[in-house]
Amino acid sequence: MRGTSRASLVAAEGRFEPVLREAGAQGRLLGEQLFALTDALDSSGSLRRTLTDPSADAEAKATLVARLLSAADPRVVEAAQGLVRARWSAEPDLAEAVEHLAFSAVLASAEADGTIGTVQEELFRIGRALAGQREVRRLLYSDTVHAHARGDLVDRLLAGGGTPATQVLARRAAVAPRGRRYVATLGHLGDLIAERRSRTVANVTSAAELGTAQRQRLADILARTYGREMQVQVLVDPHVLGGLRVQVGPEVIDATVLARLADARRRLAS
C-alpha cells in the first residue's frame with residue numbers, strides 16, 4: 001500500500017488508537033467485527049467500488065457503511081466511516097486497511113490484558129511447528145478446503161491452548177488468508193506485534209546518565225502523554241548539548257513539541 005492509500009491508513013490508525021486504548025480487552029470484539037467488514041468487502045466487488053469511488057459523496061458512503069454495520073459496535077461504525085470518507089489508490093486497499101485495523105484491535109486487547117508478549121511467542125511457535133508439516137501448511141492455505149475446515153484444523157493445532165487473542169488471530173489467518181500463505185500471515189502478525197510493542201518503549205538520548213528517580217519521573221510523564229505505561233531506555237551521548245531527545249516508535253519529540261516537556265526537564269534537572 002503506497003501513496004494516497006498509505007496516508008489514509010496512517011490517518012485512520014491515528015484516530016483509532018485512542019479508541020483502542022479506551023476499549024481495553026473489548027478490542028478483540030471490535031477486531032472481530034472489522035474482520036466481518038473485511039469479508040464483506042472481499043466478497044463484493046460492487047461494494048468495494050462504491051465505497052472507494054472518489055467521485056461519490058463521502059457522507060453518502062459513510063451512511064451506506066453505517067447501514068451495513070447496523071448491528072456493530074458504534075466504535076467500529078465510526079472507524080469504518082472514517083475509512084470510507086478517505087481516498088484510496090486502489091479498490092483492494094480499503095479492505096486491506098480494514099483488516100489492518102482489525103488486527104490492531106485484537107493486538108491492542110492483548111496489550112491491555114498484558115498478554116501481547118505471550119501472543120507473539122505463541123504465534124511464533126505455531127509457525128515453527130509447521131516448518132516440517134508441508135501438507136498441513138497446504139491445507140491451511142488451499143482454497144479447495146472450506147474456510148471452516150481450515151479454522152477447525154487450527155483449533156486442533158492449538159488443542160484448546162493459547163491466549164484469546166492468539167486463538168482469534170491464528171484461526172483468522174486460516175479462515176481468510178486473503179492471498180497470503182498461513183505462515184506468511186503469522187510472520188506479518190509478528191511484525192505488527194513488534195511494531196506495537198516498540199511503541200511502549202521510549203528511547204531517550206541524553207548528554208548524561210539519568211538517575212533512577214529521573215527515569216521514573218520521565219516514564220510517568222510519557223505514560224500520561226501517550227496513555228499507556230512506558231519503558232525508558234537511555235542512550236548517553238556526550239555530543240548532545242543539553243535536553244533530551246525522546247523517540248517512541250516512529251514519533252520523535254523534538255523542538256516542535258518541546259514545550260510539553262519543559263516542566264519535565266526542569267524537574268529532571270532538580
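Modeller: Accessible areas come from the Shrake-Rupley method with a 1.4 Å probe; for residues, only the protein chains shown count as cover. Here the accessible surface of the chain is about 13,900 Å². Carbon and sulfur atoms hold 52% of that surface. The model is predicted: local features need pLDDT of at least 70, side-chain atom pairs count only at pLDDT 80 or more, and totals for chains, interfaces and linings use all residues. Residues are numbered from 1 along each chain as its sequence is written, and side-chain values use heavy atoms, leaving out hydrogens and water.

Colleague: How many helices and strands does the chain have?

Modeller: Helices (H or I, at least four residues) and strands (E, at least two) are DSSP runs, numbered from the N terminus. The chain has 13 helices and four strands.

Colleague: What percentage of the 270 residues is buried?

Modeller: Buried means under 20% relative accessible area, exposed means over 50%, and partly exposed lies in between (1.4 Å probe, protein chains only). In this chain, 44% of the 270 residues are buried.

Colleague: How do I read a salt bridge?

Modeller: Side chains of opposite charge can pair when their charged atoms come close. The rule asks for a side-chain nitrogen of Lys or Arg within 4 Å of a carboxyl oxygen of Asp or Glu. The count here comes to 12 salt bridges. Take D42 and R178: their closest N and O atoms are 2.7 Å apart. D42 sits in helix α2 (residues 27-43), and R178 in the loop between α10 (164-175) and α11 (182-198), so the pair ties together parts that are 136 residues apart in sequence.

Colleague: Are D42 and R178 buried or partly exposed?

Modeller: D42 is partly exposed, at 35% relative accessible area. R178 is partly exposed too, at 26%.

Colleague: Which side chain meets R171 in a salt bridge?

Modeller: D152 does, at 3.7 Å from N to O. R171 lies in helix α10 and D152 in helix α9 (residues 147-158), so this pair ties together parts that are 19 residues apart in sequence.

Colleague: Where does K61 lie?

Modeller: K61 lies in helix α4 (residues 58-68). K61 is buried yet has no salt bridge. The nearest side chain of opposite charge, D53, is 6.5 Å away.

Colleague: Which residues does K61 touch?

Modeller: Contact means heavy atoms within 4.5 Å. Not counting residues up to four places away in sequence, K61 touches T50, L51, T52, D53, A56, V84 and A86.

Methods
Lys and Arg count as positive and Asp and Glu as negative; His and the chain ends are not counted.
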